[in-house]
Amino acid sequence: MTLLQVKDLVVEFPNRRGTLRALDRISFDIAPGEILGVVGESGAGKSLTGAAIIGLLEPPGRVAGGEILLEGQRIDNLGFEAMRPIRGRKIGAIFQDPLTSLNPLYTVGRQLVETIRSHLPVNEAEARKRAIGLLQDTGIPAAEQRIDHFPHQFSGGMRQRVVIALALAAEPKLIVADEPTTALDVSIQAQIIQLLKQVCKERGAAVMLITHDMGVIAETCDRVAVMYAGRIAEIGPVHEVIHQPAHPYTSGLMGSIPDMTSDRERLNQIDGAMPRLNAIPTGCAYNPRCPRTFARCLVERPELMHAGATRAACWLHDAADPHAGQAEIAAKHHDALAAGERATPEAAEPIVEVTR
Ligand SMILES: Nc1ncnc2c1ncn2[C@@H]1O[C@H](COP(=O)(O)OP(=O)(O)OP(=O)(O)O)[C@@H](O)[C@H]1O
Ligand code: SF4
Ligand SMILES: [Mg+2]
């Protein structure tokens, strides 16, 4: 059974001049225990997707269409108070800065015990025992003593371990982790990601992991969703998306495929910029930057469609469209010219014009 279903999710921000559509019909699933990575350039809508799922969209941002279902139950229409028991109990959250999740005035033990007791039917002593166990599991040394320390008495990496313990305290089914290591020292980022993966797998918790780091995605995730301009460009198993990307945007991002034996690399830079929310082009949102654009891309928006082992929102993969294959030939011609090669006679006459 699916744990989380996001169907045609639309998030909008009304303002004085109209309405900005920041997420435009996002659809994806997360299975129990699965780790789904979410990547894409800054402003693609990754954090908003996470915020919509945990019910923490900042007003005036609102879900304006579609549905979010957790274990088959709709949660997008619950409102802040009705979401409270679900947030924490069923969905845990980890943000970039551990201090945003911790109250500086309370010991970490008090915060853990309160979270455990507000969601699970256990007494104070049992909750404290569980809290110590969680701190031990997340690699806090001398957890019996450290439980009575305040957040400022922990280093940044140790604080994020505490936040992971807090997110797991009520045994949620899903953790939304938004750039959980970006604010941490590079030397400890890998440890924290490994810890997150290990403790979630042990407990069967699924994770939606938002990150810019393809090395992290490759090492940690089962599947990955690539976002662009508030839409999903491609989604599929990690290995296939990295090594056989079907969407030209993913191919661009993967221009520097991370080498697991060397230092981590970030996503490749692609020429041009993602469009502003009030200027998303008609048709495929990626068409101004795409080296494979053809006529249809300028007028019709592609939905996710099967593309080899993944699904991509790209007309090149429309099996029902005879022009898609022709466009592929034209695109290869374009690539060949770009690479300075002599084009083959059949590729030299693109059947569909390639617009750059
Ligand atoms: N409060 C807001 N009001 C208006 N627009 C907003 C608001 N919050 C986010 N947006 C817009 O929604 C879009 C998506 O934002 P989001 O924070 O989800 O991006 P992101 O993919 O997480 O980027 P980053 O990698 O920089 O964290 C952006 O264009 C952003 O400007
Ligand atoms: S639909 Fe067209 S513009 Fe969009 S990614 Fe595919 S080829 Fe490029
Ligand atoms: Mg973000």
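Let me start at Pro60, which sits in the loop between H1 and S4; helices (H or I, at least four residues) and strands (E, at least two) are DSSP runs, numbered from the N terminus. The peptide bond from Pro59 to Pro60 is cis, with omega near 10°. Glu179 belongs to the loop between S7 and helix H8 (186–203). For context, most residues other than glycine have a negative phi, and most peptide bonds are trans.

This is a predicted model, in which local features need pLDDT of at least 70 and side-chain atom pairs count only at pLDDT 80 or more, while totals for chains, interfaces and linings use all residues. Residues are numbered from 1 along each chain as its sequence is written, and chains are lettered from A and ligands numbered from 1 in the order in which they are written.

I turn to the sheets. One open sheet has 4 strands in the order S2-S1-S4-S5, with antiparallel pairing; two strands pair if DSSP finds at least two bridges between them. Its edge strands are S2 (18–30) and S5 (73–74), each of which pairs on one side only. How many bridges join S1 to S2? There are 10, and the two strands run antiparallel. Leu4 stands opposite Ile30 in S2, and S1 and S2 form a hairpin with 2 residues between them. On to the next pair: strand S1 (residues 4–15) is joined to S4 by 7 bridges, again antiparallel, and here Gln5 faces Leu69 in S4. Finally, strand S4 (residues 62–70) runs antiparallel to S5, with 2 bridges between them, and Leu70 is placed opposite Gln73 in S5.

The other open sheet is formed by 8 strands in the order S6-S7-S8-S3-S9-S10-S12-S11, and its pairing is mixed. Strand S6 (91–94) and strand S11 (305–307) stand at the edges with a single partner strand each, so one side of each is left without a neighbour in the sheet. From one strand to the next, the twist averages 20°; axes are lines fitted to C-alpha atoms, for helices over the stretch in contact, and angles run from 0 to 180 degrees between N-to-C directions. Within this sheet, strand S3 (residues 35–39) and strand S8 (residues 206–210) pair in the parallel sense over 4 bridges. Gly37 has Leu209 as its bridge partner in S8. Helix H1 (residues 46–54) packs on the sheet, where H1 touches S3, S6, strand S7 (174–178), S8 and strand S9 (223–228). The direction of H1 makes about 150° with that of S7. Contact here means that the C-beta atoms of two residues, placed from the backbone, lie within 7 Å.

Which residues come nearest to ligand 1? Of the 14 residues around this ligand, they are Ala22, Ser42, Lys46, Ser47 and Leu48; a residue is near a molecule or strand if its C-beta atom, placed from the backbone, lies within 6 Å of it. The elements giving two or more residues to this shell are S2 and H1, and the largest share, 3 residues, comes from H1. By class, the shell around ligand 1 has 6 nonpolar, 6 polar and 2 charged residues. In this scheme Ala, Val, Leu, Ile, Met, Phe, Trp, Tyr, Cys and Pro count as nonpolar, Asp, Glu, Lys and Arg as charged, and the others, Gly among them, as polar.

Around ligand 2 there are 13 residues, of which Cys284, Asn287, Cys290, Cys297 and Cys314 come nearest. That shell divides into 9 nonpolar, 3 polar and 1 charged.

I close with helix packing. Helix H4 (residues 108–119) and helix H7 (residues 156–168) pack at an angle of about 15°, with their axes 9 Å apart. That makes H4 roughly parallel to H7, a term for angles under 35 degrees, with over 145 counted as roughly antiparallel, 65 to 115 as roughly perpendicular and the rest as oblique. In H4, Val108, Gln111, Leu112 and Thr115 meet Val162, Ala165 and Leu166 in H7. This contact has 5 nonpolar, 2 polar and no charged residues.

The axes of H4 and helix H5 (residues 124–137) come within 9 Å and cross at roughly 120°. The contact of H4 with H5 has 6 nonpolar, 1 polar and 4 charged residues.
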